[in-house]
Every structure is written in structure tokens, then in C-alpha cells.
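The exercises below are meant to be worked with the sequence and the model side by side. Each begins with a task and is followed by a solution in steps.

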Amino acid sequence: MSDDLFELGERIAALAARINIATFDMLTLVADFDRREGWADHFASCAEWLAWRTGRTVAAARENVRVAHALADLPLTAEAMKSGQLSYTKVRTMTRVATPGTEATLLKYAHSTSAARLEWLARGWKTLSRDGELTAEEARHRCRTFSVAIDADGMYVVRGRLEPEVGAMLMRAIEAASDALYRGEDAEARPRGRQRRADAAGLVAERALAAGFGGDGGRAAGEGAGVGGGAAGSGHGVGGGEGDEVRNGGRAAPLSGSRAERYQVVVHTEAATLAERGETGRSELDGVRVSAETSRRMACDAARVAMCHRDGEVVSVGRRTRTIPPHIRRALEERDRGCRYPGCASRFTEAHHVKHWADGGETSLANTILLCRRHHRLVHEGKTRMALDRDGKAAFFTRAGQVIGSAPPLPEQSRKLPQPPAPPPDRLSNGAPRFVDTEVPLSLELEALEAVA
Ligand SMILES: [Zn+2]
Ligand SMILES: [Zn+2]
């Protein structure tokens, strides 16, 4: 590395130290301002004033005010920040857990470890008395919240504050669902973590509904509600599986076509929308506009109710039928044993009509195939084309017409083995000494842990 780049790095580090000093000065003034209630004329709290006056969020300002006051009891921490050696991030963590009795030990640890490691230590820390913990627990319980809103794109935006045990349980479920969905898939082909979790949330919900919750509370299936416009339309309540399978709590929920009857997701659409080259008319999923192709995909494997309406009035409602009758589904499960897409074999599947029933395709073994939701989507979106022959052999093609084989050969490799990676240098590319958390002496880490125990 060139000398001037090293210099550049050092200038950045020096500025960071100056920022630490300036932040300390600001916090000192904030504590004084708050003690003298300089904010009281027009604001509800010092944090609100600080947020307004300095352009930060109220949450950040509240944390500033808290740290500012906490520093009064932690003289060593204050001194370290005042000299520029301790960052605000570390100071903030220190003030959450350190007491005058443990400050010295923790500060030594803070100096020798990363901010992230310090945070880790602090999070597991016992900071409150038994009573204090109970109060904090109650406060957490009171502010639990979970909200869902639909944004302008029709996407569901989820926000919430969950209690630790609920949050942990939710994350375990999401992880388990994500593992099940992407098991065996090579890392390159998998979507990113956030997208995987979003897919997993769908599977968690689907499996939960399939397993049921006992009793029969909840809203009734909503098909038929408010279908308007057009000479003829059909409401497609998306849901399959046997009603008694759903209600039978003792049996494991089936893996395909198992969305619960009672809590349905309802797609309202029109015959023309479902036809391959029809109008992209009405296509709504729980009131949110979705593409005609999404309606077609969901209708592939759904319960449906045909409705006729004239001048906005429903004039007749047909009997509810399933697009995939139980005997066909059983045969499909037997034949396909999971998603048929090459290399997939996910057991969470939907039945796909190779020629859609809306285009006159029949619901038979010869015209249906099990696909996981992701590959079902690929096929509907035209990114993959597929054909099924009389014997139920499926062939998949890329858009360009290339066959997607189920066991493509590996690319040719040269016989040279890859070089082993070079050992890490003692210094980082910016010239700073390499700092590894594991190099913090164990004795120091134990001391820090003991201080908080
Ligand atoms: Zn389909
Ligand atoms: Zn698949």
C-alpha cells in the first residue's frame, strides 16, 4: 500500500477521535441544558428539543440524553471519551451496563475489543434487580405491537415489536421454513437472506393455517363478496385440501394443497382474465390488484366458485368445487413426490395445469404436475417453459428453448489445484494493526463477564 493511502487512513482515524471529543462536549452541554430545563417552554422533553434542534430522530436524541446523564456516574468512561479514545457507540453500550463498581473492568474490555463484541457482552448482561426486571418486562409487554399496512405497490408492509420469546419463536419458525424451502439448493441460486425470509414467512403462514387452531372461530370463507362488473365472473377462493383434513388436529397437515378452508385468501377475477390471451380485467387478491398471471397461477390449484352477475348484481352463485379433486391430488403426490423442476424436489407444492383449465385444459394426471411455489411462478411468468408427455415425463426449457436437464454435467476443470489462501497480513490494507476479537486475552474477557454476572 502506498504511503499516501496510509496517511489518508490515519487522517480518517484522527478525525474520528476528534468527533469523539466533540460528541463528549455536546453531551456535557446536553446534560446541563436538560438539568436547567432549557427545553421546557415549547417541548415535552429534552430529547424532543434535541431532535428538533439538531436534526436527529427522537429515538437517537433520547439515547443522547440518556448517555449524557449516565456519564455523570461513570468518570472513567467520560474521561476516555473526552480524550477521543472511546467512540460514542462504545460509550453508549458502556452506559447501559456499567456501574461505578464494574466500570474499570468493563472499560479495559471496551478498549481492547470491537464495538460489536462489547454490545454482545452488554446484551447478555444482568443490569437490573429482580423487581426492576419485572417492571421492565411489564413495560415490554405493554408496548408489544404488530401492524400490517398495504403500500402503494400493493405490498404488505409489516412492522412490530414482539416480546423476546415471541420474536425468538417467530425467527425459529422462519428459519425452519427457509431451510425447508431452500434445502439442497446451491448458495448461488438462492435468493438473498431477506428474500428467503419473506418466502419463508409465506410458508409459515400456510402451514399454520393448514394445521389449524382448533375450534372454528374466525371469518368465514369470503368468496362472492362484492364481485362486480362484467357479464360473467367467477370468484376463486384459493384453498384446497380436504376440509376434514384441516380440522383433524391429530393428523399432520398434508404438504400440498393444504391451505385451510376457513381462513381463505380470496382472489376475485373474471373468466376473461384467466384465459391465456384474454383481457387483463379484474384480478384482486384480498382487495389488492395483482397481475392476471398471478390470478392464473393461484387458480391452477384452488377452490373455486363460479358466479354470474349482471349490472353489478350477483345473479347466481355456483357450488364450490376444487380445481384439483382429492383423488387427482393423491395420484399426483404419488407420481411426482415433490416439485418436478429439475434439481428441486421441494415437498411444498402446488398443482399446475400444463394447459390451464381456463383455456380448456383438463384436470387430469396427464395435464397436471406438482411444482413448488417458486417454480410454479417461473413457469407462469414464462421464464421457464414446460411440457408433459403422455407418460407424465416433464421437460423444462429456458426461454431460449434450451433443455434444462435434471443432471447437467459439471463444467470442465483444469487439473491444477487452487492455491491455498495467503495467511492474513499483520496489518490491514490501511496500515492499521490487524485487530481480531479472539486475540483479546481470555482472562480479560472472563473478568468482564464476571463483572456483570
Ligand atoms: Zn399453474
Ligand atoms: Zn421447485
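**Exercise 1. Decide whether Cys 339 is buried or exposed, and describe its surroundings.**

Step 1. Cys 339 counts as buried because it has 24 C-beta neighbours inside 10 Å; the term buried requires 20 or more other C-beta atoms within 10 Å of the residue's own, exposed means 12 or fewer, and partly exposed lies in between, with C-beta atoms placed from the backbone.

Step 2. This model is a predicted one, in which local features need pLDDT of at least 70 and side-chain atom pairs count only at pLDDT 80 or more, whereas totals for chains, interfaces and linings use all residues. Residues are numbered from 1 along each chain as its sequence is written, and chains are lettered from A and ligands numbered from 1 in the order in which they are written.

Step 3. Cys 339 is placed in the loop between helix 14 and strand 10, where helices (H or I, at least four residues) and strands (E, at least two) are DSSP runs numbered from the N terminus.

Step 4. Once neighbours within four places in sequence are left aside, the contacts of Cys 339 are Cys 344, Ala 345, Ser 346, Thr 349, Leu 370, Leu 371, Cys 372 and His 375, a contact being two C-beta atoms, placed from the backbone, that lie within 7 Å.

**Exercise 2. Find which residues of helix 15 are buried, and what covers them.**

Step 1. In helix 15 (residues 373–380), the buried residues are His 375, His 376, Val 379 and His 380. They lie on the same side of helix 15, because the arc they cover around the axis is only 140°; this arc is that of the directions from the helix axis to the C-beta atoms.

Step 2. The cover over these buried residues includes helix 13 (292–300), strand 10 (349–353), strand 11 (368–372) and strand 12.

Step 3. Just after helix 15 comes Gly 382, with a positive phi of about 80°.

**Exercise 3. Describe how strand 12 and strand 13 are joined and paired.**

Step 1. Strand 12 (residues 384–388) pairs with strand 13 (residues 394–398) in the antiparallel sense, over 5 bridges; strands pair if DSSP finds at least two bridges between them.

Step 2. Within this pairing, Met 386 has Phe 396 as its bridge partner, and Leu 388 stands opposite Ala 394.

Step 3. The two strands form a hairpin with 5 residues between them, and Gly 392 in the turn has a positive phi of about 80°.

**Exercise 4. Work out the geometry of two helix pairs, helix 2 with helix 3 and helix 6 with helix 16.**

Step 1. The axes of helix 2 (residues 46–54) and helix 3 (residues 58–70) come within 8 Å and cross at roughly 120°. Axes are lines fitted to C-alpha atoms, for helices over the stretch in contact, and angles run from 0 to 180 degrees between N-to-C directions.

Step 2. Helix 2 and helix 3 are therefore oblique to each other, since angles under 35 degrees count as roughly parallel, over 145 as roughly antiparallel, 65 to 115 as roughly perpendicular and the rest as oblique.

Step 3. Residues of helix 2 that meet helix 3 include Cys 46, Leu 50 and Ala 51, and those they meet include Val 58, Ala 61 and Val 65.

Step 4. Helix 6 and helix 16 pack at an angle of about 135°, with axes 9 Å apart, and are therefore also oblique to each other. Their contact involves, among others, Leu 106 and Tyr 109 of helix 6 and Leu 444 and Ala 448 of helix 16.
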